Amino acid sequence: MELSGAEITIQALIDEGVEYVFGYPGGAVLHIYDALSKREDQIKHILVRHEQAATHAADGYARATGRVGVCLVTSGPGATNAVTGIATAYMDSIPMVVLTGQVPTPVIGSDAFQEVDTVGITRPCVKHNFLVKDVKDLAVTIRKAFHIASSGRPGPVVVDIPKDVTDPNIRIPYAYPREVSMRSYSPAQRGHQGQIRKAVEKMLAARRPVIYTGGGVVLGEASASLVDLVRSLGFPITSTLMGLGAYPMSDRQFLGMLGMHGTYEANMAMHETDCLVAIGARFDDRVTGKIEHFCPHAEIIHVDVDPASISKTVRVDVPIVGPVQSVLQDMLSILKELGGKPDQTALDAWWRQIDEWRGMDCLRYDRGSGLIKPQFAVETLHKVTNGELYLTSDVGQHQMFAAQFYPFDKPRRWINSGGLGTMGFGLPAAMGVQLAFPDAQVACISGEASILMCIQEMATCKQYDLPIKVILLNNGYMGMVRQWQEFFYDSRYAHSYVDALPDFVALSNSFGHVGMRVEKPDELEGAMQEAFALKDRFVFLDVIVDPTENVYPMVAAGKGHHEMQLPPTMSDRELA
Amino acid sequence: MRHILSMLVENESGALSRIAGLFSARGYNIESLTVAPTDDPSLSRMTLVTCGNDDIVEQIKKQLNKLIDVVKLQDLADSEHTEREMMLIKLKAGRQDREELKRLTEIFRAKIIDVTEISYVVELTGASRKLDAFIQAVPEGLITEVVRSGAIGISRGDKGLTL
C-alpha cells in the first residue's frame with residue numbers, strides 16, 4: 001500500500017484506533033485535512049472554535065476514557081493556541097497526542113508565514129516532542145508518540161509535521177509498526193518486591209496510619225485494588241483534588257479531600273499520622289502546605305511510577321517505583337501471605353480521634369440564607385443527578401465547592417485542571433467527555449469568569465448536538481481571587497469584579513441553546529430537574545449565588561495543615 | 001557539592017536544548033557543559049558540571065534520566081574518576097614579564113603555543129582546579145583572554161559508560 005504523508009497521518013490514527021480528532025484546519029495542515037475528509041467513515045473530526053478548546057476536549061476525552069486524546073492544529077497561531085491545553089495535560093499527566101502543522105522544511109527558520117518553533121515552544125510542557133523531517137519517519141514517529149503518551153507516567157506528545165512531508169504527490173509504502181522499541185525509554189513495570197514488603201510491614205505496625213492517594217490511581221486504573229487494600233486494612237483514606245472518585249467518597253473510611261481546601265479531619269489526620277502511605281500522588285504545594293510542618297510524626301511510604309516524583313519536595317522513607325496497580329496487587333498478596341492484621345486497638349483509638357475531628361463539621365454553611373449558597377447549589381446538583389454525573393470544572397471557588405460537596409463514587413467522573421489551574425478548561429473538556437459517552441449525563445460546573453474564556457465552544461456544542469449542562473455559579477466575581485483579596489489584601493478587590501457580564505440566557509439562546517436563570521434557593525432544585533430533563537439539549541443554567549461566600553476550610557499558603565482557617569459560623573469554643 | 005554528570009545522549013537535533021532547557025526551567029546550575037560525538041555515530045557524549053546539595057543533585061539526575069534523549073547517565077562523583085579540562089589563555093607578555101610567565105608555564109607543565117613580541121598564548125590541560133590555580137598565579141593585569149573547554153571526565157578501572 002503506497003500512501004502520501006497526509007494519508008499516512010490519517011491511516012496511522014485509524015490504526016491506533018482513534019475515534020475522535022479534535023482540530024481546526026489551516027494552511028499547513030490542508031493536505032492532512034484533505035486526506036481526513038476521505039476517511040470520515042472511520043475517524044471522526046470535531047471542529048472546535050479555538051485550538052485551546054481542541055486540546056481541552058481531547059484532554060477531557062482522555063480523562064474520561066483513559067485513552068489517548070488526539071488533536072490536529074495548524075502551524076504558528078494554531079500551535080501557540082494549543083499550548084495552554086498541552087501544558088494543562090502535562091501538569092495532570094494526561095495522555096494526549098497533538099499533531100501540529102509546520103511550514104515546509106525548506107523554509108523552516110526563515111520566519112515564513114505562520115511559522116513558529118513549535119518544538120521549541122512546547123518543549124517544557126510535553127512529555128516528548130518530535131519534528132518529522134522525512135515522510136519515511138512519519139508512521140513510526142506517530143507510533144512512538146502514542147507509545148510515549150500512554151505508557152509510564154502519561155503525558156502529552158507533540159508531533160510537528162512540515163507541510164511538504166504531507167505532500168499528496170509523494171507516495172511511499174506504508175506499514176504501521178505494531179511495536180516500537182526505544183533504548184532510552186522503558187518505564188517501570190513492577191515495584192521492588194523487597195521495598196513493597198517493607199512498606200506492608202510498616203503499615204501493619206502503624207498506630208495512626210493514613211492513606212493519601214492522587215491522580216495516579218485514576219490514571220493507573222487502580223481503583224478496585226485501592227478499595228480492596230483500604231477495606232482490608234481498615235485505614236482512613238484521603239485524596240488530592242486529582243484523585244477524587246478513585247475511592248468512593250461517600251464511604252465511611254474516606255476523610256474527604258486534603259490540602260488547602262481539604263477537610264478538617266483529613267488535614268488533622270495528616271498532621272497526626274505516624275505512617276503516611278502516598279499512592280500516585282506527588283506532594284504538590286497545595287496539598288502539603290508548609291513543608292516544614294508536613295506530617296511531622298510520620299514515616300512516609302511513596303508509590304509512584306515516576307522516580308522523579310519521589311523525594312522531590314518531601315523526603316520519603318520507603319520509595320516504591322512502579323505502576324500503582326501492580327504495586328497495590330503486590331501489597332495485597334504480601335498482606336495475604338503475611339496473614340497479619342493491623343493493631344486493632346490502636347486503630348480503634350485512631351478512628352475515635354478522627355470521628356471527633358469529623359464532629360467539627362468543617363464544611364457546614366448557612367443553610368438559612370435567602371441567597372443561593374454555592375455549596376447548596378452543588379449539593380442540589382448531586383441530589384438531582386444521583387451522584388452519577390461526569391462533572392467537568394473550570395477553576396476557582398466553584399471547583400473547590402464541587403470537590404467538597406459532590407461525592408464521586410467512581411473514578412474518571414471528576415474532570416478538572418488541577419495542576420495548571422486553567423480557566424476555560426471545563427466547557428471544552430465536557431465536549432470530549434460527552435462525545436466519549438453520548439448517553440451519559442455530562443455537566444460543566446463553572447463561574448462567570450472562567451466560562452467566558454472558552455465560551456465560543458457553545459457553537460461546537462450546537463454543531464454536534466452535545467447535550468451538556470453548564471451549571472454556572474454566578475457570583476459576579478472571580479471568586480477565588482476575591483477571597484484571597486479579602487483575606488490577604490484587606491478586602492481591596494483589585495480587578496476581581498467581573499463588570500459588564502453578558503446576559504447568559506440570551507447568549508445561550510443566540511447560540512441555539514436553552515438558557516435558564518435561577519436566583520432563589522427554593523427554585524433551584526426544580527430548575528436543575530428541568531435542565532436535566534432536557535436530555536437532548538445543551539442547557540446553560542445561570543445560578544445567581546451569594547457573592548460573599550468563601551471556601552472553607554483553608555490552609556493559607558505557607559501554613560501547616562494544623563493551622564486551618566475554619567468557617568466563621570463556628571464559635572471559638574468549638575475550635576478549642 | 002560539585003558533580004560531574006556524564007551522559008550518552010541521542011545524537012539528534014534538540015537533545016542539547018532539552019537538557020539545557022531542563023536546567024533553566026527548574027533553576028538548576030550549570031557550571032560547564034561540553035558535548036561531542038562518540039565512536040558510535042548515533043550517540044553524543046555530554047559532560048555537565050553542576051553543583052547543589054544531595055537532594056538537588058539527586059533530582060537533577062532523575063529529571064535527566066526522564067528525558068527520552070538521555071540514553072545513559074553516570075555521576076562521576078559516585079566513583080574514582082579522572083577529570084580534564086583544557087584552557088587557552090592569552091597573556092600580555094612584555095619584555096619585563098616574559099621570563100616569569102615562561103617559568104610559570106613550566107611549573108604548571110603548560111605549553112606556549114603562540115608568541116608575538118607582546119603576547120603569549122598558553123595551552124594548559126588538567127583538572128579544573130589546576131586551571132583555576134594557573135589563572136590565580138598569573139600576575140595581575142596580564143590576562144587578555146581566557147577560553148576553557150569545560151570539564152570532561154572518565155571513570156577509572158575497566159568499566160565504561162556504554163550501552
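What follows is a walk through chain A and then chain B.

Before clicking, note that this is a predicted model, where local features need pLDDT of at least 70, side-chain atom pairs count only at pLDDT 80 or more, and totals for chains, interfaces and linings use all residues. Residues are numbered from 1 along each chain as its sequence is written, chains are lettered from A and ligands numbered from 1 in the order in which they are written, and side-chain values use heavy atoms, with hydrogens and water left out.

**Stop 1**

Strands (E, at least two residues) and helices (H or I, at least four) are DSSP runs, numbered from the N terminus, and two strands pair if DSSP finds at least two bridges between them. Axes here are lines fitted to C-alpha atoms, for helices over the stretch in contact, and angles run from 0 to 180 degrees between N-to-C directions.

Zoom in on β10 (residues 237-239) of chain A, which is joined to the parallel β11(A) by 2 bridges. I237(A) stands opposite F254(A) in β11(A).

Contact means heavy atoms within 4.5 Å.

**Stop 2**

Select 324-338 of chain A. That is α12, with 15 residues, reaching 21 Å from its first C-alpha to its last, close to the 21 Å expected at 1.5 Å a residue; the expected span is 1.5 Å times one less than the number of residues.

Which residues of α12(A) are buried? They are V324(A), S326(A), V327(A), L328(A), D330(A), M331(A), L332(A), I334(A) and L335(A). Buried means under 20% relative accessible area, exposed over 50%, and partly exposed in between (1.4 Å probe, protein chains only). Show the surroundings too: the buried residues of α12(A) pack against α7, α8 (215-219), α9 (223-233), β12, β13 and β14 of chain A. Just past the helix, G339(A) takes a positive phi of about 65°.

Next, color L226(A), L276(A), M331(A) and L391(A), which have the most contacts inside the largest nonpolar core, a set of 103 residues. Such a core is a set of buried Ala, Val, Leu, Ile, Met, Phe, Trp, Tyr and Cys residues joined through side-chain atoms within 4.5 Å. The helix α12(A) gives the most to this core, with 7 residues. Domain 2 (193-358) and domain 3 (374-544) of chain A both contribute residues, so the core lies between them; the domain bounds come from an automatic or database domain assignment. For a second, separate core of 47 residues, pick out Y20(A), A57(A), A87(A) and M96(A), which are among its members.

**Stop 3**

Go to F283(A), in the loop between β12 and α11 (285-288) of chain A. F283(A) has a positive phi of about 55° although it is not a glycine, and it is buried, with a relative accessible area of 3%. Q114(A), another non-glycine, also has a positive phi of about 55°, and sits in the loop between β5 (96-102) and α5 (118-122) of chain A. Q114(A) is partly exposed, at 26% relative accessible area.

Then find the cis peptide bond joining Y552(A) and P553(A), with omega about -5°. P553(A) is in the loop between β20 (539-544) and α21 (572-575) of chain A.

**Stop 2: chain B**

Switch to chain B, which has 4 helices and 9 strands. Its C-alpha trace spans about 55 × 30 × 30 Å along its principal axes, and 42% of its 163 residues are buried. Color by domain: domain 1 is 2-78 and domain 2 is 82-152 of chain B. Their C-alpha centres lie 29 Å apart, and the contact takes 6 residues from each.

Finish on the open antiparallel sheet of 4 strands, β2-β3-β1-β4 of chain B. Its edges are β2 (32-37) and β4 (70-75) of chain B. Strand β1 (residues 2-10) of chain B is joined to β4(B) by 5 bridges, with L8(B) opposite K72(B) in β4(B). Lying across β1, β3 (43-51) and β4 of chain B is helix α2 (residues 54-66), at about 160° to β4(B).
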